[in-house]
Amino acid sequence: MNVRATTSKGLYSWGFAILVFIVLAFLPLYGSVYTMILMTAVIMYVALTVSWVMFSGPTGNISLAPAAFLGVGIYTAAVLGKTLPMPVVIVIGALASFFLALLVGALTLRLRGIYFSIFTFGLVVLIQQLILWYEVRFTHTRGRFVVVLDNTTIFYVMLAILAALLVAAYLIRQSKYGSALRSIGEDEEASAHAGVNVTVLKTIMFGVSALFMGATGAIMATKWTYIDPYIAFNPLFSFMPVLMAIFGGMGTFYGPILGAVVFAYLEELLITQFPYYYMLIFGVIMVVAIAYMPDGLVGLAQKWRKRARAENHANT
Amino acid sequence: MIVQIIDVVVAGLLLGGIYALISVGLSLQYGVARVLNVAHGEFMMLGALSTWALNRAYGLNPLICMAACGPIAFVIGYVLHRTLIKRLRSFSPSAAVFEGNSMLASFGLLFIIQNIASIIWGTEIKAYTFMAYPVSVLGALFAANRLVTLAFAVVIGVVFYIFLVRTRLGKAIRAAAQDPTTAGLMGVNINQVLALCFGFGALMAGLAGVLVSMSYPVHTTMGFEYTIITIVVVVLGGLGSIPGSFIGGFILGLIGSIVTKIEPGLSLAAYYLIFMLLLWIKPTGLMGK
């Protein structure tokens, strides 16, 4: 694992990121409403993917819980949205996900890799079933209406969450905690012997990644107007971040972001063009991406660049 | 009161037979081939829906369908391992990475199989009747088809157990389960054995699907719920242990039957709770090493 120091290359990528954010910040002034809604969805997927990679990337523990943390945020907005102002709801949604993740992490992070994946996936369905049962049995309703916000507000809040997330993810990656997480991913036992408090560090990182997912859910809920347990705890939201990260390439910081942008746009295209075959095509892309692009788009690009360079050498 | 208890217990055992049979399949796929195949329930769904389609179109006896569905499921499973899974196995740097990749790939398979089935058959719930006359078991009444289901599940399980213990190929499979690298060094054709295991797993799921369709309504999204139950049973019984799968299957069938009697909306949640508690307390399972 090579941690790139802040070189001129690093400065360029920061400059590029800031440029993208400036362009996005003025989007509501010149873009159409459709573009803005599309961009909100893209930003949501980027936020989910980056926060997933924050924990699962370095440690190698595949968490399938994003849908659970997103859903907790969504339900917080649905329950509290009418009585509390929006920023407070987002903070509560984020904290609720954070504490749920701490609890789950403390219980399960000692499990072997694959069991951790199943367990986290079980969490999604468990919460979904419990809320469904509660609603049918006690409130005799299914689903709730969410207070609606206008598209521009949702867009700006989502953009702000993404900015905070990217800065946090980058700082953690460059800090000693980032190195400790990568060492855990390479050899957990050796890392513990070297003085890393493995369980505490993993649990807290799991919580931080859930924090941003909860905030995302709380703001995105206002876009959906009506939600029920099947919409809020949709297992697809657990797979999307994993797939987007693999699709983009997990080795670099920008790989997952690239994967999320390309994939979110692809999803929009598929849903509008082939609504009946959308899930089928999704499955095919998933299998092909895992079997033929283990290093993602970034890996493919690097391979091509290397091949091009080798040809150049052969010519001279 | 007594009849009610017998009712719940026998219903649990009948359900448990099916759970056990599917779980033997997953136990082979995960215990030996190290693929946590989340598309396992989809093979069962394919078995169930093709039986329904054959029965409706030609009035074919479901028991005859077993003879056709089993081998077809086996071939699909075998080919899948020979192509996709083998590829994942060859480039994954470690066993843990392979397990993660193959699980994610099987989620992709789940979406593919489920959606192809929905395009062919539609998503509505379907059923046909076969041997639906009542039979008395210790005073409680059950449809004859459910007893046939249990009998077949037990017979298939026992036959497969004998195959594993008594034949040369069975011995190779057990060796591969313990240590694939060493088994390979001892002259076991490891890719062949793992692919066969994957095929046998699909075969069991396909047969279980045929059996399920005789006594329960079927639909194209039924698979995943069975996959979840199967994972719980396999973890409960211990990975790669066939008697463990049967014990786990019957225990889960009983619990499911009791919870359904008291609070039907909570059965899936109950399975999860058991699973979570179990992973936490004894991750190696009842019969695990």
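Reply: Happy to, and keep in mind that this is a predicted model.

Me: Are H3(B) and H4(B) roughly parallel or roughly antiparallel?
Reply: The two axes sit 9 Å apart, and the helices pack at an angle of about 150°. Angles over 145 degrees count as roughly antiparallel. That makes the arrangement of H3(B) and H4(B) roughly antiparallel.

Me: And is the crossing of H3(B) and H4(B) left-handed or right-handed?
Reply: We're still looking at the pair that packs at about 150°. The crossing of H3(B) and H4(B) is right-handed.

Me: Which helix gives the largest share of the side of chain B that touches chain A?
Reply: The contact takes 30 residues from chain B and 29 from chain A. On the chain B side, helix H3 (62-91), helix H4 (95-121) and helix H11 (267-281) each supply at least two residues. The largest share, 14 residues, comes from H4(B).

Me: What class are 23 residues on that side of chain B?
Reply: Sorted by class, the side of chain B that touches chain A has five polar and two charged residues. The 23 others you ask about are nonpolar.

Me: Over in chain A, is Ala67(A) buried or exposed?
Reply: Ala67(A) is found in helix H4 (residues 66-80) of chain A. Leaving out residues up to four places away in sequence, Ala67(A) touches several others, among them Val124(A), Phe233(A) and Pro235(A). A residue counts as buried with 20 or more C-beta neighbours within 10 Å. Ala67(A) has 29 inside that distance, so it is buried.

Me: How many of the 27 residues of H10(A) are buried?
Reply: Helix H10 (residues 198-224) of chain A reaches 39 Å from its first C-alpha to its last, close to the 39 Å expected at 1.5 Å a residue. H10(A) is largely enclosed by the rest of the structure, because its buried residues number 20 of the 27.

Me: Which residue just after H10(A) takes a positive phi?
Reply: H10(A) covers residues 198-224. Just after H10(A), a positive phi of about 55° is taken by Thr225(A).

How values were computed:
Residues are numbered from 1 along each chain as its sequence is written. Chains are lettered from A and ligands numbered from 1 in the order in which they are written. This is a predicted model: local features need pLDDT of at least 70, side-chain atom pairs count only at pLDDT 80 or more; totals for chains, interfaces and linings use all residues. Helices (H or I, at least four residues) and strands (E, at least two) are DSSP runs, numbered from the N terminus. A residue is buried if 20 or more other C-beta atoms lie within 10 Å of its own, exposed if 12 or fewer, and partly exposed in between; C-beta atoms are placed from the backbone. Two residues are in contact if their C-beta atoms, placed from the backbone, lie within 7 Å. Ala, Val, Leu, Ile, Met, Phe, Trp, Tyr, Cys and Pro count as nonpolar, Asp, Glu, Lys and Arg as charged, and the others, Gly among them, as polar. Axes are lines fitted to C-alpha atoms, for helices over the stretch in contact, and angles run from 0 to 180 degrees between N-to-C directions. Angles under 35 degrees count as roughly parallel, over 145 as roughly antiparallel, 65 to 115 as roughly perpendicular and the rest as oblique. A crossing is left-handed if the near helix is turned anticlockwise from the far one by less than a right angle, and right-handed if clockwise. The expected span of a helix is 1.5 Å times one less than its number of residues.
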